[in-house]
Amino acid sequence: MDFQSLLANLKQRYKNLNSFQKRVYGILLFTAVLTLILSYIFFGRPSYTPLATGLDAKEAGAIVEKLKEWKISYKLGDEGTTILVPKNQVYEARIKLASAGVLETNSGIGFELFDQTKLGASDFENQVNYQRALQEELRRTIVQLEAVEDARVHLVLPEKSVFISEEKPATASILLKLKPLKKLTPEEIKGIIYLVANSVEGLKPENVQVVDTYGNVLSDQVDLSSSLSAQSGRQQEMKRQFETELTNRINNLLTTILGPGKAVVSINADLDFNQEESTTQVALPGPLVSEQGSKEVVYGSPGASGVVGSGPNTNPNYTYITGNVYGEVQSKEDFTRNYQVGQTVYKLVKAPGAVKRLSAAIAIDSGVPATDVNKIRDIVAAAMGYDQNRGDQIVINTITFDKSLEKQMAAQQAQLQKEQQLRQNLYKWIAIGVGALLVLSMLVFLGVRKFRKKPAEMLGVAPKTPMELSKLEAAVAAEGRPGIKIQELPEEDLAVNKVQLEIETIKSLVEQRPDEVAMVLRAWMSEE
């Protein structure tokens, strides 16, 4: 059977259907089509994933042309800077694009530019090619950093002069595109500067400028003058980290007590970065090791006795004054004792970074009761290690906070939640509608099938037995109706007429006895 005859047969069958059957089959067809459409939307539609991001117009155009050539479906996102392809084809597409060299459109040519030597090239052309190759090699090296997504390097290499006074210094400018949520540390910026300076002849580090895509001059964040400046930078970083940690600690504490957005804390720390070293020696007594000494006694000569004059010579009863016959006696002792002395040495090194003074400024929303301010002061003092002798300071003020931005963000969040809820409700009602249509179609199908089974017998109506053709002809002839011709129909037409007859019978029963028909339908549904 060809298509034309099949279509004609379907049309004929559709014409033979009554209005009720047409409605039933229409509902079934609509349900089937709707089910196929929803199945394709939710299950058959391919899932797209990014193939390449951050593209410019030229790169996106080259990739799109190749995808069209390979007949790979794609979508554009992020205003044309992102290309999405089906998830099951993303790796194949990347391999093909890499083989075709399309994914390397943002790459320049390095020293491979000199792989093929050109005859007759001028010195100026060779110099320009060397500068281009050097810029590309430096770019390839810089993008190896984890935080760098892409880079551009521009070198200015002046011509050498025979006069020193006329020589100009070489300079370099570097444009960095950082990855999202990435940031370069001062050490990494300094490393990039020295990398470029040491790769170019005559280029000094102070002549290298590093800028990001937001216009921030990153090279100003580092000091290349001396090691003392670098040490000062480290000290400032240590001070900043200490203040940030202490501020976050107190902020978390106040957020837990007062709630979010009720207090703002700022900590200023004065740190002592002087390194001090002190040594203390303590002697300990020990046993006697040796002793050496001498004793000296000196006796003086005897002096004259008596009184000077003529008395002793002229007066026999004169009393003499007697003295020591040895004269004056003097003694001298000298002893040296040696002890084994113990010694204890105390060496104290004070590490830099000690806290000299802390200052805390806290702003509290005016909605917080005034009785809680003193309690908050005590809590903050204990959390930050407040020391009055050190000169620490805590300032707390109550201020009315501007919450317009918070309200705006809350409204946007509420709008997003509302839209999400609407989408969920839409999906839910679509699912309910599809399910209801399927159930209704099943019920209608079952009802039609039940009606086709002997509805007249179920309603107590005796079915009519078919009359034989010969008897029918005899009855017609007896009634005297010669104009009526009786013709035997094919089995297919008989089946169609039988179905139509049954449907007409059911329709008449529904019109005449609707209550009983409803009871029969409920009985069939309960049996199913």
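# Legends to the close-up views

**View 1. A polar atom of the Glu243 side chain lies 2.9 Å from the backbone nitrogen of Ala269.** A polar contact is a pair of N or O atoms within 3.5 Å; within protein, one atom must be able to donate a hydrogen and the other to accept it, and residues adjacent in sequence count only if both atoms are side-chain atoms. The model is predicted: local features need pLDDT of at least 70 and side-chain atom pairs count only at pLDDT 80 or more, while totals for chains, interfaces and linings use all residues. Residues are numbered from 1 along each chain as its sequence is written, and side-chain values use heavy atoms, with hydrogens and water left out. Glu243 belongs to helix H7 (residues 227–258). Helices (H or I, at least four residues) and strands (E, at least two) are DSSP runs, numbered from the N terminus. With a relative accessible area of 14%, Glu243 is buried. Buried means under 20% relative accessible area, exposed over 50%, and partly exposed in between (1.4 Å probe, protein chains only). Leaving aside neighbours within four places in sequence, Glu243 is in contact with Ile267, Asn268 and Ala269; contact means heavy atoms within 4.5 Å.

**View 2. Glu136 and Arg139 form a salt bridge, with the closest N and O atoms 3.0 Å apart.** A salt bridge is a side-chain nitrogen of Lys or Arg within 4 Å of a carboxyl oxygen of Asp or Glu. By this rule the count comes to 12 salt bridges. Glu136 and Arg139 are three residues apart in helix H5 (residues 123–142), a separation of about one helical turn. An α-helix has 3.6 residues a turn, so residues three or four places apart point the same way. Both partners are buried: Glu136 has a relative accessibility of 7%, and Arg139 has a relative accessible area of 10%. A network of salt bridges links Glu136, Glu137, Arg139, Arg140 and Asp150.

**View 3. A salt bridge joins the side chains of Lys177 and Glu149, at 4.0 Å from N to O.** This pair links distant parts of the chain, with Lys177 in strand S5 (residues 170–178) and Glu149 in strand S4 (residues 148–156), 28 residues apart. Lys177 is partly exposed, its relative accessible area being 30%. Glu149 is also partly exposed, at 35%.

**View 4. Arg390 and Asp392 form a salt bridge in which the closest N and O atoms are 2.5 Å apart.** The Arg390 end is partly exposed, with 26% relative accessibility. The Asp392 end is buried, at 7%.

**View 5. Helix H9 (residues 371–384) has Val373, Ile376, Val380, Ala381 and Met384 buried.** Seen down the axis of H9, these buried residues fall within an arc of 135°, so they line one face of the helix. The arc is that of the directions from the helix axis to the C-beta atoms. On the face of H9 turned away from the buried side are the exposed residues Thr371, Asn374, Lys375, Asp378 and Ala382.

**View 6. Leu29, Val33 and Ile37 make a nonpolar surface patch of about 270 Å².** Patches are made of residues with over 30% relative accessible area and no salt bridge: like charges are joined within 9 Å, and nonpolar side chains (Val, Leu, Ile, Met, Phe, Trp, Tyr) within 5 Å. Accessible areas come from the Shrake-Rupley method with a 1.4 Å probe; for residues, only the protein chains shown count as cover. Ile37 is placed in helix H2 (residues 19–44). Its relative accessible area of 43% makes Ile37 partly exposed.

**View 7. Tyr339 and Leu288 are 4.3 Å apart in space, C-alpha to C-alpha, and 51 residues apart in sequence.** Tyr339 is found in strand S10 (residues 329–339). Not counting residues up to four places away in sequence, Tyr339 touches Gly286, Pro287, Leu288 and Val289. Tyr339 is partly exposed, with a relative accessible area of 47%.

**View 8. The protein chain contains 14 helices and 13 strands.** This view gives the setting for the others. Of the chain's 528 residues, 20% count as buried. The chain exposes about 38,800 Å², and carbon and sulfur atoms supply 55% of this area. Among contacts between residues at least 6 apart in sequence, 71% join residues at least 24 apart.
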